Amino acid sequence: MAGTPNGTPLLQVTDLVKYFPVKAGALQRVVNHVRAVDGVTFTLARGQTLGLVGESGCGKTTLARVILRLIPATSGQVTFEGREVLKVPADVLRQLRREMQVIFQDPFSSLNPRMKVGSIVAEPLSIHTAMSRTERLRRVEELLEVVGLAGRDATRYPHEFSGGQRQRIGIARALVLNPKLIVCDEPVSALDVSIQSQILNLLNRLQKSYGLTYIFIAHGLHVIKHVSDRVAVMYLGKLVEETEADVLFEGPLHPYTRALVAAIPVPDPAARKIRAALQGDVPSPINPPPGCRFHTRCTEALPQCSQTEPPLVQVSAGHRVACHLYHGA
Amino acid sequence: MSDRLLEIEDLRTYFHTLEGTLPAVDGISLHVDRGETLCVVGESGCGKSVTALSIMRLVPMPPGRYVSGKINLAGRDLLRLSKEDMRRTRGREVAMIFQEPMVSLNPVHTVGRQIAEAIQLHNGVGAREAMKQAVDALRMVRVPDPHLRVREFPHQMSGGMRQRAMIAMALSCRPKLLIADEPTTALDVTVQAQILELIRSLKHEVGMAMMLITHDLGVVAEMAQRVVVMYAGKVVEEGPVDAIFGEPLHPYTRGLLRSIPRLDQPRGPLAVIRGTVPSPLRFPSGCRFHERDPDALEVCRQKAPPLIDRGGHKVACWRHTPDVQEVV
């Protein structure tokens, strides 16, 4: 497929769906579904970073969790190096888990406060490998140094560290099993501005030295632009646009992507502009609007937008858009 | 009459805890002119929110304590007002909106009732009239169907709508100064843009001044006329927005501006400010930024630099202090 160099993709996601049941009444009958992820298809090449953007509630975190099989999918396929992530038996899944890791947003709640840093980072090793205590300790110290902490920090507790340092601990834990894919779920949004760039540089350096592949979830678009090779834009459970990062930011096609890009605050007082290109809020994913889910907020909606849902189709090499404006042209 | 609305002089707000004294705000001076937008920028723990709470006299005491200073609002020192006078001042003279509207709104009362309560309290009108004004207030913040929305509870509204309701409540008594503490940080970019746009136009309609607290330099560039940069409880730089972005003087401001990824910048390593934000329990000696500044001088380690005025652009940095040689 276009836009995926380096041979076969590491990850292939096909028509992935995740509905959460909405229960009501004394019998807790299923009355509806939250369509968190509704037919998502993309591929991710080895060593690349896919940025996943969208407003809160668009399903980006759910998508990541379903891909990692942390929650079951409703339907669809996830292929990781030829293995069906959603179907493999428990022993293969164990191996897959070593290869797919995750870094969370909040470095304050994702580290067990009662465990020493050394044990936190070593935990995956004790679960997945037969390493001895000393081997584990050596590996932990090595990794703490890789992420910019000191080996002796292994004997300290998480509360002794600042937010940025805790995020480094989370990164060390994610790296300890030599994974191939790391899902970074808003890894810098809880950090101070002066610390964000340290962590972004660290993630970038680690990607180069270990050949890592990232799925990078963030709502800060300037961060996404900085880290991503390709960017996928989600709206109410659907991908609306997917292409190379530079293309997306220089020539966004989908009206939603255009609004997102226009809404980015630019740190330059000379570039002041009217940013509020988009009116209203994101509709509920329980009863998403018919047709194109974005048509209720779209300034360029055509008559068919409220009736037929536009498929995600390729409009140029490696650039997919789901919008009637670009179809049949 | 001068156009100075708020003037803070040498404010020190400390917190006394079991671990020691936290000088959260440690001798800051700043001002806001009538109708002006001042942005206060800084990272967590720099004292920007405590400054806002000090103006509102909402710092919990104990453990908090005003150690020194004056907060003059329209000629009166807020720190000397009685509790009763301060209650009347809040809302009518100065109002505040917070980052997370869900926390600041009462979940068991309708939005309309909460707005009406503030109006009744400050304007002395009856319940029916107050509710009518609450509908007007929601209309003013562009909430669709305000007569229906007044009957909703906070949880029935989206984050953007709740923030609008908060703004409606804050503006219902037409304050002279609005303090907004990270008002859009919890919102999505598209909604953030809407809310900033709203705040900007309301500011003109109501003719109030605003103190906007944020860590987002993009928001600052968009909203501010003047900027105050805080670090570790102190003001390190202050100036017109164009000067702060065009010719930042303090190494911290320069580092901040360089470290944010820009859309027009190619990928590659970002500039960083080394080290971490210091804890208020252990602020470094001398200039509190010196440990993170690769070009720190000897004097930076020993003495705190004064805030020097260089033609309306103030900076607290020894390298910009004319008589630094004499000091050394």
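**Note on a predicted two-chain model**

1. B:Asp136 forms a salt bridge with B:Arg139, and their closest N and O atoms are 3.1 Å apart. The model is predicted, so side-chain atom pairs count only at pLDDT 80 or more. Both B:Asp136 and B:Arg139 lie in helix α5 of chain B, three residues apart, about one turn of the helix. An α-helix has 3.6 residues a turn, so residues three or four places apart point the same way. B:Asp136 is partly exposed, at 38% relative accessibility. B:Arg139 is partly exposed too, at 47%.

2. Helix α5 of chain B covers residues 127-140, which is 14 residues. From first C-alpha to last, α5(B) reaches 20 Å, close to the 20 Å expected at 1.5 Å a residue.

3. Which residues of α5(B) are buried? They are B:Ala130, B:Ala134, B:Val135, B:Ala137, B:Leu138 and B:Met140. These buried residues pack against four helices of chain B: α4 (111-123), α6 (146-149), α7 (159-171) and α8 (189-206).

4. Other salt bridges in chain B deserve a look. The side chains of B:Arg149 and B:Glu152 meet in one, at 3.1 Å from N to O. B:Glu222 and B:Arg200 make another, at 3.9 Å from N to O. The cut-off for a salt bridge is 4 Å. B:Glu222 sits in helix α9 (residues 217-223) of chain B and B:Arg200 in helix α8 of chain B, so this pair ties together parts that are 22 residues apart in sequence. Is B:Glu222 buried or exposed? B:Glu222 counts as buried because its relative accessibility is 4%.

5. Chain A has a linked set. Salt bridges that share partners join A:Arg46, A:Glu81, A:Arg83, A:Glu99 and A:Lys180 into one network. Over all chains, the whole structure holds 36 salt bridges.

6. How many salt bridges cross the interface of chain A and chain B? The rule finds zero there. Polar contacts do cross: nine residue pairs, with both residues at pLDDT 80 or more. On the side of chain A that touches chain B, the elements giving two or more residues are α6 (193-210) and α7 (221-227) of chain A. The largest share of that side comes from α6(A), with nine residues. By type, the residues of that side divide into 17 nonpolar, 15 polar and ten charged.

7. Chain A brings 42 residues to the contact and chain B brings 48. About 3,700 Å² is buried between chain A and chain B, and carbon and sulfur atoms give 53% of that area. Within chain A, the residues that lose the most area to chain B are A:Val193, A:His226 and A:Pro267. Together these three account for 17% of what that side buries.

8. B:His320 lies in the loop between β12 (313-315) and α13 (324-327) of chain B. B:His320 counts as buried because its relative accessible area is 19%, and the cut-off is under 20%. The side chain of B:His320 reaches the backbone oxygen of B:Leu249 at 3.0 Å. Leaving aside neighbours within four places in sequence, B:His320 is in contact with B:Leu249, B:Arg254, B:Arg310 and B:Val315.

9. B:Val229 is placed in strand β9 (residues 226-231) of chain B. Its relative accessible area is 2%, so B:Val229 is buried. Beyond its neighbours within four places in sequence, B:Val229 is in contact with several residues, among them B:Val41, B:Val235, B:Tyr252 and B:Thr253. B:His215 is 14 residues from B:Val229 in sequence, and their C-alpha atoms are 9.8 Å apart.

10. B:Met61 belongs to the loop between α1 (48-56) and β4 (64-73) of chain B. At 41% relative accessibility, B:Met61 is partly exposed. What separates the C-alpha atoms of B:Met61 and B:His16? The distance is 9.6 Å, although B:Met61 and B:His16 are 45 residues apart along the chain.

Terms used: Residues are numbered from 1 along each chain as its sequence is written. Chains are lettered from A and ligands numbered from 1 in the order in which they are written. This is a predicted model: local features need pLDDT of at least 70, side-chain atom pairs count only at pLDDT 80 or more; totals for chains, interfaces and linings use all residues. Side-chain values use heavy atoms; hydrogens and water are left out. Contact means heavy atoms within 4.5 Å. Buried area is the accessible area (1.4 Å probe) that two parts lose on being put together, summed over both. A polar contact is a pair of N or O atoms within 3.5 Å; within protein, one must be able to donate a hydrogen and the other to accept it, and residues adjacent in sequence count only if both atoms are side-chain atoms. Ala, Val, Leu, Ile, Met, Phe, Trp, Tyr, Cys and Pro count as nonpolar, Asp, Glu, Lys and Arg as charged, and the others, Gly among them, as polar. Buried means under 20% relative accessible area, exposed over 50%, partly exposed in between (1.4 Å probe, protein chains only). The expected span of a helix is 1.5 Å times one less than its number of residues.
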